[in-house]
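Hi,

Here is the structure I promised to pass on. Please open it alongside this email; my notes follow below.

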Amino acid sequence: MINPTEVNSLIRLLDDPDSEIYEHVYNKLFSYGAEAITYLESAFEQAFDPILQERIANLVHEIQFSNLKNDLKLWNQSGAFDLLQGILVINRYQYPDLDEQKVINQIEAIKRDIWIQMMNEASPKEQIKLINHVFYNIYGFSGNTANHLDPQNSYLSQVLETKKGNQISLAIIYSIIAQKLDIPVYGVNLPQHFILAYLDESMQSEFESGILFYINAFNKGFLFGRRDVDMFLKQLNLKFDKQFYEPCSNTDIIKRVLRNLISAYENLGSAEKVRELNELLQIMDDARGE
């Protein structure tokens with residue numbers, strides 16, 4: 001437990017003109033981690049000095065960003081099994097006070113509305129038709145074509161609120177819901193486009209990938225086949241590569257979300273955010289190299 005009197009005394013020294021004192025105080029408060037945030041936020045509200053306010057805000061961000069990096073590392077090292085958990089960690093980059101339970105409840109509500117109408121003997125295409133009906137027609141999700149480069153398109157909490165997202169965020173929500181319903185829909189890392197594949201595990205073998213069809217979550221769950229992927233790659237002048245056709249890992253999905261965010265913030269000229277997101281991407285790459 002930290003001593004409130006000591007913390008508050010240290011916070012008051014954050015605007016000290018002596019850089020050595022400031023650095024010592026900053027490092028000491030940083031070492032307290034998340035426990036210090038409540039005190040720092042309270043001091044921020046009471047501060048009139050813009051230098052003190054800025055230093056408090058920077059320190060709170062540094063603590064939160066440090067925690068986020070640890071959480072991402074932990075998620076990755078423990079197998080990256082839960083895609084929802086991984087995307088919630090990324091969401092906290094922009095929304096550190098995110099109510100994660102609210103996001104989980106929103107996804108559960110969509111899942112429940114599909115499950116209520118699901119027939120036991122529904123064929124794969126019937127299952128997808130029902131998901132599409134609930135997801136796009138009832139809940140009103142759609143691709144954000146008007147403002148495609150907006151970083152908000154990559155934050156799950158915002159996509160659930162506005163019902164608008166980019167290819168990957170809509171595909172993430174779609175696949176999480178499908179998998180919660182035991183429907184085998186997984187992300188495919190296609191260049192310039194992120195799609196979903198319906199996988200029939202019973203068909204998988206050394207020669208067969210077991211993919212029945214593909215789904216475009218950005219275009220109202222449109223179904224298409226392998227030949228369409230062939231055509232798309234031909235248009236991009238890309239040679240055949242197995243990874244363009246088959247499900248990718250949750251790690252690859254999170255890395256693609258990070259690259260999208262980096263590109264969005266580069267477009268906005270937010271150099272600091274680009275630097276920090278590259279740090280997060282580096283964490284993912286480092287874990288892979290272990």
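**The sheet and its strands**

Isoleucine 215 stands opposite leucine 223 in S6. Keep in mind that this is a predicted model.

That pair belongs to a contact between two strands. S5 and S6 run antiparallel and are joined by 3 bridges. In another facing pair, asparagine 216 sits opposite phenylalanine 222 of S6. The two strands make a hairpin, with 5 residues between them. In the turn, lysine 220 has a positive phi of about 50°.

S5 also pairs with S4. Here 4 bridges join the antiparallel strands. Tyrosine 198 faces phenylalanine 213 in S5.

How many strands make up the open sheet, and in what order? There are 4, in the order S3-S4-S5-S6, with antiparallel pairing. S3 (185-188) and S6 stand at the edges, each with a single partner strand, so one side of each has no neighbour in the sheet. On average, neighbouring strands are turned by 35° against each other, direction ignored.

**What packs on the sheet**

H7 lies across S3, S4 (195-199), S5 and S6. H7 runs at about 15° to S5. Helix H9 (residues 167-180) also packs on the sheet. H9 touches S3, S4 and S5, and its direction makes about 155° with that of S3.

Is S5 mostly covered or mostly open? S5 is mostly covered, with 5 of its 6 residues buried.

Asparagine 219 is in the loop between S5 (211-216) and S6 (222-224). Its relative accessible area is 42%, so asparagine 219 counts as partly exposed. Which residue is worth checking against it? Look at glycine 143: the two C-alpha atoms are separated by 6.8 Å, though the residues are 76 apart along the chain.

**H6 against H7**

Two packed helices are described by the angle between their axes and the distance between the axes. Helix H6 (residues 100-117) and helix H7 (residues 124-138) pack at about 135°, with axes 9 Å apart. That angle makes H6 oblique to H7. The crossing is right-handed.

Which residues of H6 meet H7? They are Ile110, Asp113, Ile114 and Gln117. On the H7 side, the partners are Leu130, Ile131, His133, Val134, Phe135 and Ile138. By class, this contact has 7 nonpolar, 2 polar and 1 charged residues.

Best wishes

Key. Residues numbered from 1 in each chain as written. Predicted model: local features only at pLDDT ≥ 70, side-chain atom pairs only at ≥ 80, totals over all residues. Heavy atoms only, no water. Axes fitted to C-alpha atoms, helices over the stretch in contact; angles between N-to-C directions. Parallel < 35°, antiparallel > 145°, perpendicular 65-115°, else oblique. Left-handed = near helix turned anticlockwise from the far one by under 90°. Contact = heavy atoms within 4.5 Å. Nonpolar A, V, L, I, M, F, W, Y, C, P; charged D, E, K, R; others polar. Buried < 20%, exposed > 50% of the residue type's maximum accessible area, 1.4 Å probe, protein only. Pairing = 2+ DSSP bridges.
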